[in-house]
Amino acid sequence: MILFLSITKIILCSGLLYAYYHFFLRNRRFHTYNRFYLLGALLISLLLPFLYIPANFLWQGRAPSVALRTLKVINVGGWEEPVTIYAGAKGWQQWFSAGNLFIAIYAAGLLFGLLALLHALYRIHLLKKQYPYERAGKIKLYHTTAPGTPFSFFSSIFWDDRIALAEEKGQQIFRHELFHVKEKHSLDVLLFEIACCCCWFNPFFHLMKKEVKAIHEFLADQYAADEDQRFAYAELLLMQAIQQKKLRLTTPFFHNQLKRRINMLTNIALIRRGGYISRLMALPFLFLLLSAFAVKLNHTFNGHLSSAKRLTVVIDAGHGGIFPGAHGDDNTLEKDITLRIAQKIQQQAADYNVNIVLTRNTDALVAGATDLKEDLDNRLAIASSHKADLFISIHVNAGFGNHRSSSGFDAVISAKQPQDASRQLASTLLNSLRSVYKANETILARETVRLLDKSLCPAVILECGYITNAADLQYIRENANQDKVALKILEGIVQYAQSQPAASNASMVTEQANPASTSAIAKPLPAQEPADSTARRKVEEEADYPGGNAGWVKYLIKSVHYPPAALKQNLQGSVVVEFIIDRQGKVSDVHAISGPEDLKAESIRVVKESGVWIPAKDHGRAVTSYKRQPITYKIS
């Protein structure tokens, strides 16, 4: 389905570019501009649907820039790409599917086009073998009597010996073909032929190819005919316009766009028309296409929190003093790495409006502790005394035995405490860190981890790679990489904070030991909510899964299980799930609007269990919105 969507984008992009050419540029006298416009349109159509340009770098400060607001209006990054869930099939069944049929049809069209292209090249090769030639600089002039001549192909001109080269008519035709050679028009034709072979299904590429060939003739006619000989040259074209077979890749003199060629030569209105506005307006049109197809608006931090008071986060540098933690083969100690990362987080925190409190700033146990229990209790006491909103303990993992080669960042939460807030914090941190290093998908929930079990606020242990893995160790001990990790942890903190409802004036209220407390964040002030709570289908910023579209796709692929009943029936199909995400990012009203009944229940389940989202926004305020997700089930 992703391939099908890419093909759709290519066709749509090329169709829009060709439509602009057809209505504003076609049959105008600026032929060189039109030639390069069509060449550019071909390349843009092939590349633009696959480009990814994140737009979050445009957003600095509390309010988005004018450019970013404009992109929000025209951006169609939320293509709602379907996620395909595969289940295994046996034997011949795996070959009979819609996907394989699509591939077979495409391959047949590609093969036919390539064979036709090779046949045309072979016919030109036979002409070169059959007829003699003479050199004129870098140009080879072949003397032939073959049908379709005269024509040119790259640096070769195939001349019809029945046309006297010494006469004025012959000289005009020769200048025409010579211009094709000098301007390398054959390269344009060959490029379009290859594109039409690979994208034979795209009608707009074929139309562009036809137009480029016509423009080649307009340019060559303009070069061959002197200003005072336009009408005589047009008469020559008309008199010599006989039906004859043309080779596919060549630029023959007697081209079938005869009426347009004569019109270009003799129409005084076309000659005098400038068309500067139509050429200039192509630039904003290309900007719109770039914004629609390539720019993706990321829901990332803006450098400021929405709460009136700064968020207080306790960063705990794991181990220390007589407890060094794990060590690498080069005797690198875990306690040293965790302290450096914690210090770097604190150094950069001012830019993120986050108040960082370190449990330790030296290589010693916390607050003069004499044993491990006292040390851990002192760390928890620091978080409690500072009324911390979040608690993040930095560690480096170690693998033993069969797990010695384990790699990547991990996040651990308590299996005893309420997990929603801690799980979301862990997920947001991992998604942020994934942009700089491998981060594992699974969030680990463990029991009897004192720092997590006794924490009064959302708490996560962040394992920054494996010190026993050579690649992880090499990465995490580098000073520059520690800066990156610190930066991404801060970004994750801000992303987590912005995904929460607006806090009270006393900053964010954290979950206390009181069992009646059910939320890690206070409810937003009524004054900060929109006047209505109606779910919206059109918003400035769509609701987003923590970690963006990539994180959402990974979650679906990992979480969706092919229903056994559907598997027994060899049932395949697509289910479209629609759901609502409220202003707190909670999912509700999940229902399947289409698809096989046996596949709907699983699709609804996985969306319901997706956790807390980043809510949609309008004019900077969180709003309730609809979301739709296609899920395709395939047996492959």
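**Helix packing in a predicted model**

Q: How are α2 and α7 oriented to each other in this predicted model?
A: Helix α2, which covers residues 31–47, packs with α7 at an angle of about 155°, and their axes are 9 Å apart. Angles over 145 degrees count as roughly antiparallel, and α2 and α7 are therefore roughly antiparallel to each other.

Q: Which hand does the crossing of α2 and α7 have?
A: The residues that meet include Leu38, Leu42 and Ser45 in α2, and Val212, Ile215 and Leu219 in α7. By class, this contact of α2 with α7 has ten nonpolar, six polar and two charged residues. As for its hand, the crossing in which α2 passes α7 is left-handed.

Q: How many residues of the contact of α6 with α7 are charged?
A: The axes of helix α6 (residues 185–198) and helix α7 (residues 203–224) come within 9 Å and cross at roughly 170°, and α6 and α7 are therefore roughly antiparallel to each other. Among the residues that make the contact are Asp188, Phe192 and Glu193 of α6, together with Lys209, Lys213 and His216 of α7. Divided by class, the residues of the contact of α6 with α7 are eight nonpolar, three polar and, for the class asked about, four charged.

Q: What distance separates the end C-alpha atoms of α12?
A: Helix α12 takes in residues 282–293, and its buried residues include Phe285, Leu289 and Phe293. At 1.5 Å a residue, the twelve residues of α12 should span 16 Å, which agrees with the distance between its end C-alpha atoms, 16 Å.

Note on methods: Residues numbered from 1 in each chain as written. Predicted model: local features only at pLDDT ≥ 70, side-chain atom pairs only at ≥ 80, totals over all residues. Heavy atoms only, no water. Axes fitted to C-alpha atoms, helices over the stretch in contact; angles between N-to-C directions. Helix = DSSP H or I, 4+ residues; strand = E, 2+ residues; numbered from the N terminus. Parallel < 35°, antiparallel > 145°, perpendicular 65-115°, else oblique. Contact = heavy atoms within 4.5 Å. Nonpolar A, V, L, I, M, F, W, Y, C, P; charged D, E, K, R; others polar. Left-handed = near helix turned anticlockwise from the far one by under 90°. Expected span 1.5 Å × (residues − 1). Buried < 20%, exposed > 50% of the residue type's maximum accessible area, 1.4 Å probe, protein only.
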